[in-house]
Every structure is written in structure tokens, then in C-alpha cells.
Amino acid sequence: VIALLNEHKKDILAVRGNCDTEVDQMVLEFPIMAEYIYVTSGDTVIFATHGHHHSVTTPPVFLPEGAILMTGHTHVACDVTKDGFRYMNPGSPSIPKNGTAPSFIIIEDGRAELIAF
């Protein structure tokens with residue numbers, strides 16, 4: 001998996017998960033230790049973080065109206081709009097929890113879609 005990920009290093013934006021360590025960073029050729037990333041796609045602002053600090057009930061205070069808060073900590077797929085922002089959790093393609101289907105999120109040109117399979 002390391003070789004596959006490194007092959008796509010220019011296309012990956014990652015945030016640190018609760019099981020990621022400095023050892024993982026030593027073998028990966030792209031940054032994975034950020035607590036969060038704040039990016040835009042089209043006109044959409046996305047605040048992505050692992051999710052053990054921020055969630056649909058505890059959003060960051062600086063989240064602009066219409067932004068997407070994306071977390072993954074729970075492995076439970078979710079796509080809801082609340083209090084002026086959209087909360088998305090990609091769930092997990094390999095270890096989904098709480099009876100949710102395997103899933104992931106695709107973001108392109110400001111549109112985000114939760115895909116379950």
C-alpha cells in the first residue's frame with residue numbers, strides 16, 4: 001500500500017488519524033501529520049480533520065457559511081446539512097461501522113458526493 005500511495009503523492013491531501021504515527025510519515029512521501037486541512041474546491045470551502053475533536057455537534061468556530069466539515073473518525077458514513085454547513089463523513093471502504101455500507105467521498109469542482117457500494 002505504501003508504494004501505491006507514494007505513486008499518487010501529488011494527488012493526496014491527508015490529515016493525521018488516531019493510528020497514524022511518525023513512523024508512517026517516515027515511509028510516506030507526502031505529509032500525513034496535519035491535524036486539519038483547509039482547502040477550496042470551486043467555491044466550496046472544506047475543513048477536513050480526523051474527527052476526534054470536531055464533528056457535526058462540535059464544528060470549528062471559524063467554519064464559514066456553506067462550508068463542508070469533513071471528518072472520518074467514526075467510520076460511519078454521513079452527509080447532513082446543519083446550522084449553515086454541510087457535515088460529511090466518508091465512512092470507510094474497508095471497515096464501515098454501525099451497519100453502514102462501505103463508502104467514500106469524491107470532491108470535484110466544488111461538488112462533494114458520498115458514494116456507498
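Two residues are in contact here when they have heavy atoms within 4.5 Å of each other. Keep that in mind as we walk through this predicted model.

Let's start at Thr71, which sits in the loop between strand 3 (68–70) and strand 4 (78–82). Is Thr71 buried or exposed? With a relative accessible area of 3%, Thr71 counts as buried, because the cut-off for that label is under 20%. Look at what surrounds it: setting aside neighbours within four places in sequence, Thr71 is in contact with Thr49, His50, Gly51, His54, Tyr87, Met88, Asn89 and Pro90. With one of these, Tyr87, there is also a polar contact between the two side chains, at 2.7 Å.

Tyr87 and Met88 take us on to the nonpolar cores. Met88 belongs to the largest one, 8 residues in all, together with Ile37, Ile46, Ala48, Ile68, Met70, Ile105 and Ala112. Strand 2 and strand 3 are the elements that give two or more residues to this core. Apart from it lies another core, of 7 residues, and Tyr87 is among them, as are Val45, Ala67 and Phe85. In soluble globular proteins, nonpolar side chains tend to be buried together.

The largest pocket holds about 1,300 Å³. Of its 38 lining residues, Leu13, Ala14, Val15, Gly72 and Pro90 are the closest to the centre. Strand 6 (103–108) gives the largest share of the lining, 4 residues. By type, the lining splits into 21 nonpolar, 13 polar and 4 charged residues.

Note on methods. Residues numbered from 1 in each chain as written. Predicted model: local features only at pLDDT ≥ 70, side-chain atom pairs only at ≥ 80, totals over all residues. Heavy atoms only, no water. Buried < 20%, exposed > 50% of the residue type's maximum accessible area, 1.4 Å probe, protein only. Polar contact = N/O pair within 3.5 Å; in protein donor to acceptor, adjacent residues only side chain to side chain. 1 Å grid on protein atoms, 1.4 Å probe; cavity = no way out; pocket = protein on both sides within 12 Å on 5 of 7 lines; lining within 4 Å. Points joined across faces, edges and corners; volume = space filled by probe spheres on them. Nonpolar A, V, L, I, M, F, W, Y, C, P; charged D, E, K, R; others polar. Core = buried A, V, L, I, M, F, W, Y, C linked by side-chain atoms within 4.5 Å.
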